[in-house]
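Subject: Structure handover

Hi there,

Here is the structure I promised to pass on to you. Have a look at it first, and then read on for what turned up.

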Amino acid sequence: MPEEKYLIAAVALMMAITYLTRATPLLFRMQRTPKVFNDVIEYLPVAIIASITVPALLMAKDGTLMAVNADMLAAIPVALVAYFTRSLIFSVAAGIGAHIAITLWS
Amino acid sequence: MTDLALQPVWRKESFFDALPVITGYFVVSFVFGVMCINAGLPLWLPVAMCVFVYAGAAQFAALALITSGAPLLSIAVSTLLINSRHMLMAMYMAKQSEGLGISKTQKLLYAFGLTDESFALHSQRLQGRKYTPPGYLLQFNTWCHASWIAGALLGAVASDALHRFSQFKLDYALTAMMIYVLVSLCNSRPKLVVALVVIATTCLLNAFFPSPLNVFVATAVGCGVGLCLKKST
């Protein structure tokens, strides 16, 4: 087992770094931002979420394309259900259902 | 202190809104707890990490580093790189939370619970112009954090139950939820184009330089494209 001091230091460091990356920008003053900024910020959520979600389904962490797998395939029914029903619960249910079905049949 | 959040009115709504996150977090942190115990770490470590750090990807990366006895500096750098994307999310929330009458204390509390998944659902709610008091946001994060901690604790305690538990792909709830949010955020042609540009850019960057910082470059490219589309219409 690693030394206790080392583990405590690791948790403390990670806590400080994680919290700072989340808290610092939240305290920025945003009352009078230029118009360009206000236009750009509208696209931030869609851009960030597209960037962290879809590529993770297609590629491994080292940047190589993955073989077709259940995570990838189950994303298709999720997207369709999300588009047509606009319901979070139905989308998630479709995703888990499709994932179980694909893993069982492959 | 009365405005600090946690008014019971928002307890129920935020719980049901957060349900996919609660389920997914529980399963993922359960696995985290099991892995920590299997790696020979003490029971308090996964619990402390989930209470104090509360960052999924960074915790799994740190687990691998800790078990290989990596220096603290590399744990710090890995945490910083993986979590740097939260700066973008926090910036967005800083701008959008202005109209919500959020206090500084509430912002500091909110920052602790800002994760990929809470950001996804909160930004979607804010873009839908739904009434969102700070109490709702904080209550939402509290549910998610509680299930994250509970999962790690139970996983660590019952580490041999992993095999029976992992058959259920409940952690796919998180991926499904992110796809749902992505689809519902693409509610206009420019936004759809931005999403596609960002996906292509991220994949391309990952293929040549795999790095957690690629999300910054891809987001900048995507927002730039969005801005051009907006100007030309």
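Let me start with one helix. Helix α4 of chain A, residues 70-85, has 16 residues, where helices (H or I, at least four residues) and strands (E, at least two) are DSSP runs numbered from the N terminus. From first C-alpha to last, α4(A) reaches 22 Å, close to the 22 Å expected at 1.5 Å a residue; the expected span is 1.5 Å times one less than the number of residues. Arg86(A) follows α4(A) and has a positive phi, near 55°.

A word on the model itself: it is predicted, so local features need pLDDT of at least 70 and side-chain atom pairs count only at pLDDT 80 or more, while totals for chains, interfaces and linings use all residues. Residues are numbered from 1 along each chain as its sequence is written, and chains are lettered from A and ligands numbered from 1 in the order in which they are written.

Back to α4(A): Ala74(A), Ala75(A), Val78(A), Ala79(A), Val81(A) and Ala82(A) are buried there (20 or more other C-beta atoms within 10 Å of the residue's own, with C-beta atoms placed from the backbone). The cover over these buried residues includes α3 (44-58) and α5 (88-105) of chain A, together with α10 of chain B.

The contact takes 59 residues from chain A and 78 residues from chain B; two residues are in contact if their C-beta atoms, placed from the backbone, lie within 7 Å. On the chain B side, helix α10 (residues 172-185) gives the largest share, 13 residues. That side divides into 55 nonpolar, 15 polar and eight charged residues, counting Ala, Val, Leu, Ile, Met, Phe, Trp, Tyr, Cys and Pro as nonpolar, Asp, Glu, Lys and Arg as charged, and the others, Gly among them, as polar.

Chain B is divided into domain 1 (2-185) and domain 2 (187-233), with bounds from an automatic or database domain assignment. Their contact takes eight residues from domain 1 of chain B and seven residues from domain 2 of chain B. Here too α10(B) gives the most to the domain 1 side, with three residues.

On confidence, the model scores ipTM 0.82 and pTM 0.83. Chain B averages a pLDDT (the predictor's confidence in each residue, from 0 to 100) of 89, and 92% of the residues score at least 70. Within chain B, helix α9 (residues 162-165) is lowest at a mean of 56, and helix α2 (residues 44-53) is highest at 96.

Best wishes

Definitions and conventions:
A residue is buried if 20 or more other C-beta atoms lie within 10 Å of its own, exposed if 12 or fewer, and partly exposed in between; C-beta atoms are placed from the backbone.
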